[in-house]
Amino acid sequence: MRHIQRQPQQPPRPPQPGQPPRPQRPAGPVPTPGVPPQQAGGHDTYGGYDSGYNTGQVYGAPSGGAPGRPGGPGGPSGPDGPARVPGPAPDWRRRIKIGSIVLVSALLVTSVSTYFWADSKVRREVDLSKVIERPKEGDCTTYLIVGSDSREGMSDEEKKKLHTGSAEGKRTDSMMILAKCSSGNTMISLPRDSDVEIPSFVGSQSGKKFAGTGRRVKLNAAYAEDGPELLVRTVEHNTGLRIDHYAEIGFAGFANIVDALGGVELDIEEGFKDEKSGADFKAGKQTLNGEQSLAFVRTRYAFAESDLQRTKNQQKFLSALASQAATPSTILNPFALYPMLGAGLDTLIVDKDMGLYDMGQMFFAMKGVNGGDGVSMNMPISGQRGGNLVWDKAKVQQLVKQIQNDEKVTVRGN
């Protein structure tokens, strides 16, 4: 065994001025009472011999180790070498907080991006400032919702599949007023065969004013004659109710939205079939795709009261569509929201003052009607004139007054 020479002891440090002299330790081991002198030096000295134990050198331990540290006396060790000292426990509260901030930021960025993307696709083509002699504003927000038979952008194959025919131009296939009120929402279908008066109006393209002559026509003729502005003017003139916003969608956009949602579940009370629209339905709950949905809302010849029953079907379907579209699983899920918006927004035509917020309010109002928070009805009818449906003036006036004053609607239609 290699001998280790004891290092010469340093001479004692002289005391500092003003300090008492430090007591000197006697050389050699301190005698312990009852212990023989040859054992009093402790385990590391014997007769002037230093075994090296007091330097921390232990057989099998690496030199330079420090007690209590990995690799030194008292430190943890394993069969493959020094063991790793475990670190501090993870701060899960801080991790969850950071993760939540990242998630919220991602949703915010996605929502803002979706808003600007969707806003750029909307076609704001209807100028309600061209409508003249308008009724006073009411306490509710009113929408004129129109389904047109526009075949814009459809291929011949799509026209055949959807049973739309190939007529040029476009006409109104369905019309309804949606009143969003704090007292409850009201959805009123306007039969296309309604007997109405065409009032004086300003041409949407020419800017020329046309005087009213008392001419009476079917309601859908107003749209065919001069488009959305004249339709709004005619509805306001014959009801006395101001229209705040206009929204129109064509055949293709309607069917595409339904398909993007994965279909719309509907409970059909009584089955019916119609060759012209392509309808072939059995009674009961079922999920309708875009083609079937279009056939459902367009069918009229399968019913005795053709136009009135069709408007009821249209209301029922639109309410179901809104209920399934205006849900958190669709609105907060970009993989569901993007396809739906992309499928219908480029065929959606609205007024120039209608924003995405207004569209959202319209959808949620329709959803409310379907959920029982409001009234769904046809315009009250009192009879017919030359095959056209005549509105019940007294009931219409009462209905309009209740909507204008944001009162609970008690009037019921056909």
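Visitor: What is the relative accessible area of K218?

Guide: K218 has a relative accessible area of 35%, so K218 is partly exposed. Buried means under 20% relative accessible area, exposed over 50%, and partly exposed in between, with a 1.4 Å probe and protein chains only. The areas come from the Shrake-Rupley method, and for residues only the protein chains shown count as cover.

This is a predicted model, where local features need pLDDT of at least 70 and side-chain atom pairs pLDDT 80 or more, while totals for chains, interfaces and linings use all residues. Residues are numbered from 1 along each chain as its sequence is written, and side-chain values use heavy atoms, leaving out hydrogens and water.

Visitor: Thanks! Which residue meets the side chain of K218 in a salt bridge?

Guide: A salt bridge is a side-chain nitrogen of Lys or Arg within 4 Å of a carboxyl oxygen of Asp or Glu. Here K218 pairs with D193, at 3.6 Å from N to O. D193 sits in the loop between β8 and β9 (195-197) and K218 in strand β12 (residues 216-218), so the bridge ties together parts 25 residues apart in sequence. Strands are DSSP runs of E with at least two residues, and helices are runs of H or I with at least four, numbered from the N terminus. D193 has 11% relative accessibility, so D193 counts as buried.

Visitor: How many salt bridges does a search of the whole structure find?

Guide: The search finds nine. One of them joins R216 to D195, at 2.6 Å from N to O. R216 belongs to strand β12 and D195 to strand β9, so this pair ties together parts 21 residues apart in sequence. R216 counts as partly exposed at 40% relative accessibility, while D195 is buried at 6%.

Another bridge links E225 with R215, whose closest N and O atoms are 3.0 Å apart. Because E225 is in helix α3 and R215 in the loop between β11 (209-210) and β12, that pair ties together parts ten residues apart in sequence. E225, at 36%, and R215, at 35%, each count as partly exposed. Salt bridges that share partners also join D193, K218 and R300 into one network.

Visitor: Now the cysteines. Which two form a disulfide?

Guide: A disulfide is a pair of cysteine sulfur atoms within 2.5 Å. The whole structure has one, between C140 and C181, with sulfur atoms 2.1 Å apart. The link is right-handed, with 120° about the S-S bond. It connects distant parts of the chain, 41 residues apart: C140 is in the loop between β5 (123-126) and β6 (141-148), and C181 in the loop between β7 (172-180) and β8 (185-189). Both cysteines are buried.

Visitor: Last one: which residues gather in a patch of negative charge?

Guide: A charged patch joins like charges within 9 Å, using residues with over 30% relative accessible area and no salt bridge. Asp and Glu count as negative, and their charges are placed at CG of Asp or CD of Glu. On this surface, E265, D267, E269 and E270 form such a patch. E269 lies in the loop between β14 (264-268) and β15 (272-274), and at 73% relative accessibility it counts as exposed.

Technical notes
Patch = residues over 30% accessible without salt bridge, like charges linked within 9 Å, V, L, I, M, F, W, Y side chains within 5 Å. Areas by Shrake-Rupley, 256 points an atom, 1.4 Å probe, with all protein chains shown as cover.
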